Amino acid sequence: MSSWLTENESLIQSALVLAIFGYSLQVAMRAGVFSLAGAGFYAVGGYGAGALTLKHGWAPLPALLAAILAAGVVGLVLSLILGRLRSLYLAMATVAFDLLIQVAATQWKEETGGPLGLYGVPVAVTTTSLIVAVAIASALLVWREHGASRRTLEALRLDEEVAPVLGIDVRRRRHQAFVLSSMLGALAGGLNVMLFTTITPHEVGFNLIVSGLTIIVIGGISSWVGALVGAFIVTWLPELLAFSGSWRPVIQGLIIVFAVVWFNDGLVGVARRGWRWLREHRPRARSVVSESVP
Amino acid sequence: MAQQLLNAITLGSIYMLFAIGLSLSWGVLDILNLAHGAILMFGALAVYLLAKHIGGVPFAILLPVAMVLCGLVAVLLERIAFRPIRRRVVDVHARELAMLIASVGAGATIVAIAERSTNNQLASIGPEVFNVTSTTIFGLHTTNISLIIIVLAVVLTGALAAFVKYTRYGRALRALAVDPYMCGLMGISADRMTALTMFVSGAIAGGAGVLLAIEQGGFEANMGESLMLKAFAVIILGGVGSIAGAAFGAFLLAIVETAMVVYVDGSLQNGVAFVLIFLILIVRPQGIFARRGWQRA
C-alpha cells in the first residue's frame, strides 16, 4: 500500500488539485449559477502565485493567499458585471472570460512568460499540506450544504423565482457562490503551480474547461463527493485507457458524451440509485403484499 | 485606409460565417454548441485528408463535400447527444448544462481525431488544391481567396436569411424557437427541423474552416478555439438567433479589431472581443437590436 502511494504520488497530487478545481465549478452550479469561470480563476491563481514567488521573491504562503484574494476581488467584480445574466448567457460570458485570461497569459510576457509559460516556480506544497487544503475545502462545502444553508442552495438551484418568496436574498447568494467559486479555482491553480513548478497558457484554456466538466459529469453534481470521485477518475483515466494507444484522447472525449447522455447524475447519482434500488428490493414480504392487491 | 477596410471585411466575413451557425442553434434550439469551433476545424481537416488521399479533385467539389461532411457531423452530434438529452432531461437548466457538457465532449473528440491525423502539427492545404494568388481590385491589393470568402459569406448569409424569412421551412424554424411543443401540435416535426438547423450551422462553419485554413496557409487542431470568443462577441453584439445581427456584429468586431491592430497595438486584438462583450452586457444585455423570445431566429 505504502509503495503504491509513493509510486503514484504525483497522480494523487494532480487528483487532489483537480478535486479543488471541481469544487470550484460545483459550488457555482449547485447554487444555480451556470458559471465556468473557475478555469479562468485557476489561471489567475496559478500565474499569480507563480509570478509572485518566481519574479518578485514572495514567500509561497503569502503569494498563494494574495493570489486567492485577488481572484476573490476579480470574482466579485465579474459577478457584479454578470449579475443579470442567466443560464446559457452566463455560461458563454464566463467561457469568454476563461479564453480571455488565456490570451492575457500568452501576451503579457513580462509576468507570465508568454506562450512558454512560467517554469521553475519553487516547490512549496507537500502531499500532506495538499491533503489538508482539500480537507479544509471539503469541510467548507459540507458546512455549506448542511441544514438551512443546504435548503437555501436547493431553492436557488431549483427555482429562482420562488427563492425570494422564501426570504432568500438571491443576488447576494449568487455573488457569494461566484466569489467562493473564484477563490477555490485560484486555490487549485496556486497549489498546482507550487506542486509541479510550471504553468503554461495551453493548460488553462479550453482543455481545463474540458477536464472540469468531465469531473462534474463523471462524479455528478448531486453531492460535493462527486467532484472528489470525478477528479480521481479523470486523473487515472489516461492510465486506465493506456491500452487504446493513440486513440486515447478520442475515447476520452466520447466518454464525456456517453456519460452525460446516459449517466446524467454521475457516479454518485448511480451509486445512490443503486442503493435505493437495493433497499426497495430487499424485503420480500412487502412485494408479496403488493402483488396480492389487484 | 480602404486597404485596411478590405482586410477587415475579409475577417468579418469569416466571423460572420462562423457565428451564424452558433447563433442559429442557440436561438432556435437553446443549445450553446461549444463543439462549433471543432466543426469549423473539421471542414479544413476534411479537405486536407481528401486532398492527401484522393489527389486531383477540384476545389469546387472539395469545398461542398467538406461542407456536407461538417453538416453531417453536426447532425450526428444532434442524434447521439442532444436528442437523447432532450428526451431524458426534463429540467430546463439541467438540460442546458447537459447539452453544453455533451458539446464540449464532442468538440474534444473531434479535436483529438484531428490531432491524431495531423500529428499535432500545423497542416497546410497545398497549392494543388487551391492556388492563392494576389490580385488588384479598384487599386487595392488582395488575394483571390479573400474575394471568394467575401462573396461566399454574402451569398450564404443572404440565402440563409431569405430561407428563414420567406420559406415554409424557415417559418417552421422560427416557430420552433418560440414553442417546440406547439410546433408538434401544428404538424411540424421538431426532430427534423432540429436536424436541419444543425446541418446548416455545421455546413456553414465547415465552409468557413476550409476558407480560413487556405487564407491563413494552414490549420491546427485547435484553430476553432480562439474563434469561439469572437463568435460570442458577434452573437452578443447582434442578439441571439438574429442573422442580420450576426452580420452586423461580425463586421463591427472585425473593423474594431483591425483598427486596433493598425492604430494601437497588435497584441490587443484578442482583447477587443472581450471588452465588447462586457460593454454590451453592462449597457444593453439584450443586444444592440433588442429582441424578445418570440423574435429569436
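Helices here are DSSP runs of H or I with at least four residues, strands are runs of E with at least two, and both are numbered from the N terminus. Keep that handy for the first stop: select B:Asp30, in the loop between α1 (2-29) and α2 (36-53) of chain B.

Before going further, a word on what you're looking at. This is a predicted model, where local features need pLDDT of at least 70 and side-chain atom pairs count only at pLDDT 80 or more, while totals for chains, interfaces and linings use all residues. Residues are numbered from 1 along each chain as its sequence is written, and chains are lettered from A and ligands numbered from 1 in the order in which they are written.

Most residues other than glycine have a negative phi. Is B:Asp30 buried or exposed? It's buried, with 20 other C-beta atoms within 10 Å. (Buried means 20 or more other C-beta atoms within 10 Å of the residue's own, exposed means 12 or fewer, and partly exposed lies in between; C-beta atoms are placed from the backbone.)

Now hop to A:Thr197, in the loop between α9 (170-196) and α10 of chain A. A:Thr197 also has a positive phi, near 65°. This one is partly exposed, with 16 other C-beta atoms within 10 Å.

**Chain A as a whole**

Colour chain A by secondary structure and you'll find 14 helices and zero strands. Its C-alpha atoms fill a box of roughly 80 × 50 × 35 Å along the principal axes. Of its 294 residues, 50% count as buried.

Next, pick out α11 (residues 225-240) and α13 (residues 266-281) of chain A. They pack at an angle of about 115°, with axes 8 Å apart. (Axes are lines fitted to C-alpha atoms, for helices over the stretch in contact, and angles run from 0 to 180 degrees between N-to-C directions.) Show A:Val225, A:Gly226, A:Val229 and A:Gly230 on α11(A), which meet A:Gly266, A:Leu267 and A:Val268 on α13(A). The residues of this contact are four nonpolar, three polar and no charged. (Contact means C-beta atoms, placed from the backbone, within 7 Å; Ala, Val, Leu, Ile, Met, Phe, Trp, Tyr, Cys and Pro count as nonpolar, Asp, Glu, Lys and Arg as charged, and the others, Gly among them, as polar.)

**Where the chains meet**

Show both chains together: 31 residues of chain A and 37 residues of chain B take part in the contact. On the chain A side, α5 (87-107), α10 (206-219) and α12 (248-262) each give two or more residues. Which of them gives the most? That's α5(A), with ten residues. The chain A side divides into 24 nonpolar, six polar and one charged.

Zoom in on B:Ala102. Beyond its neighbours within four places in sequence, B:Ala102 is in contact with A:Val257, A:Val260 and A:Val261, and also with B:Ala81, B:Phe82 and B:Ile85.

B:Ala102 is also, with A:Ile20 and B:Ala19, among the residues with the most contacts inside the largest nonpolar core, which has 207 residues. (Such a core is a set of buried Ala, Val, Leu, Ile, Met, Phe, Trp, Tyr and Cys residues joined through C-beta atoms within 7 Å.) The largest share of this core, 15 residues, comes from α1(B).

**Last stop: a hairpin**

Finish at strands β1 (residues 134-137) and β2 (residues 140-143) of chain B, which run antiparallel and are joined by four bridges. (Strands pair if DSSP finds at least two bridges between them.) B:Thr136 has B:His141 in β2(B) as its bridge partner. Two residues lie between the strands of this hairpin, where B:Phe138 takes a positive phi near 50°.

Definitions and conventions: Contact = placed C-beta atoms within 7 Å.
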